[in-house]
Amino acid sequence: MFQINDNYLKLKAGYLFPEIARRVNAFVTANPEAPLIRLGIGDVTEPLPKSCRDAMKLAIDEMGTHAGFHGYGPEQGYLWLREAIAKWDYSERGCDVDADEIFVSDGSKCDSSNILDILGVDNRIAVTDPVYPVYVDSNVMAGRTGEAVNSGRYKGLTYLPIDATNGFVAPIPEQIVDLIYLCFPNNPTGAVATKEQLSCWVEYARKNNSLILFDAAYEAFIRDKSLPHSIYEIEGARSCAIEFRSFSKNAGFTGTRCAFTVIPKTLKGKKYNGEEIDLWSLWNRRQSTKFNGVSYIIQRGAEAVYSDAGQAEVKSLVNFYMENASIMRQSLVSAGFDVFGGEHAPYVWISVPKEMDSWTFFDFLLSKANIVGTPGSGFGSSGEGYFRLSAFNNRSNVEEAMQRISNL
Ligand code: MLT
């Protein structure tokens, strides 16, 4: 009989969000009338910006004509979108990123997993703990880790614990690792790194010939102008970092799907014989073989994000969610929780009452207040004792949820 990929058997239980969905579904089946408020998965709730919808409608009409029909697009994305990204997301912030170095895709989750295709299996990998679970699970699936141990961590990975004492920004490790996943603004803790902190990471990576996999999917939520939105704002990052960005959270594309990954042409890795080779060519080869691009209609929608009207709409969406975050922070502080994040990120990270662990708090909040959140331990063993609440919801739900928590 054929064999399966046994690495999947190493995975702990379900992926975090399906596991939450399973518990919530069981609760709803038993309590069909419960007025549930979902602050668990970080999925946007506000409608797509009008500029994006208008651009998509126009693109659909074009597709209905011989002159405007588009079949397979470039696997790397249409140049007009890559040029808009290069100008508005990079050049305007003083970053040296060429349109040609931008690969449009259907999501950062996919890209941050797929990137492993072009990286050797023997790389030593570091992740923070807590961490966005996709970074860990995709390595497990690809056979780049050992078995899980009791704490839920996997053998073979280097975990960099982040907590209130280091401001949820991973300290530079003493040992040498080859691949480092960094996410700022951070999912799940909402922390954000300063230029100085990112500079230390870039310096480390350059000194040790390591690669930083930088997830900046939440950069639009940064409020403080002095904080970096991109790793390429740090000198030297072009030779040691790949960046993942997304239209999901800023422009509400979680259901529409459009993102991009930057691979500088100056970024080199080592071949089996020690010779250097550029990663851009490998990723280009990978994408050309395994990916057929994002649809023309969706890319037109994403392009509209960079129009004047699109920029105003995105700003207003981001402000809306950040006002939610601010309401949440204030209520949770008043209710006596230790509160982190929520200032430059749509996630508020709180410590759970001492007598509970984070899954117990999840069940408690679900049954007593009918609120869904995300237990910190789902993001790693160092997330135990914490809980994540997402600011992606409408205002009345956020206010009602905070009222219910205050009444507990
Ligand atoms: C989350 O809740 O952590 C997000 O939905 C992650 C994602 O964007 O995949």
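**View 1. Lysine 87 over the face of tryptophan 88.** In this predicted model, in which local features need pLDDT of at least 70, side-chain atom pairs count only at pLDDT 80 or more, and totals for chains, interfaces and linings use all residues, lysine 87 lies over the face of tryptophan 88, at 4.3 Å from the ring centre. A charge sits over a ring if NZ of Lys or CZ of Arg is within 6 Å of the ring centre and within 35 degrees of the ring normal. Residues are numbered from 1 along each chain as its sequence is written, and side-chain values use heavy atoms, with hydrogens and water left out.

**View 2. Lysine 265 and the ring of tryptophan 280.** The charged end of lysine 265 is placed over the tryptophan 280 ring, 4.3 Å from its centre.

**View 3. The stacked pair of tyrosine 135 and tyrosine 181.** Rings of Phe, Tyr and Trp (its six-membered ring) pair if their centres lie within 6.5 Å, and planes under 30 degrees apart count as stacked, over 60 as edge-to-face and the rest as tilted; by this rule there are 29 aromatic pairs. The ring centres of tyrosine 135 and tyrosine 181 are 4.8 Å apart with their planes at 20°, so the pair is stacked. Because tyrosine 135 lies in helix α5 (residues 133–141) and tyrosine 181 in strand β5 (residues 179–183), the pair ties together parts that are 46 residues apart in sequence; helices (H or I, at least four residues) and strands (E, at least two) are DSSP runs, numbered from the N terminus. Both tyrosine 135 and tyrosine 181 are buried (under 20% relative accessible area, with exposed over 50% and partly exposed in between; 1.4 Å probe, protein chains only).
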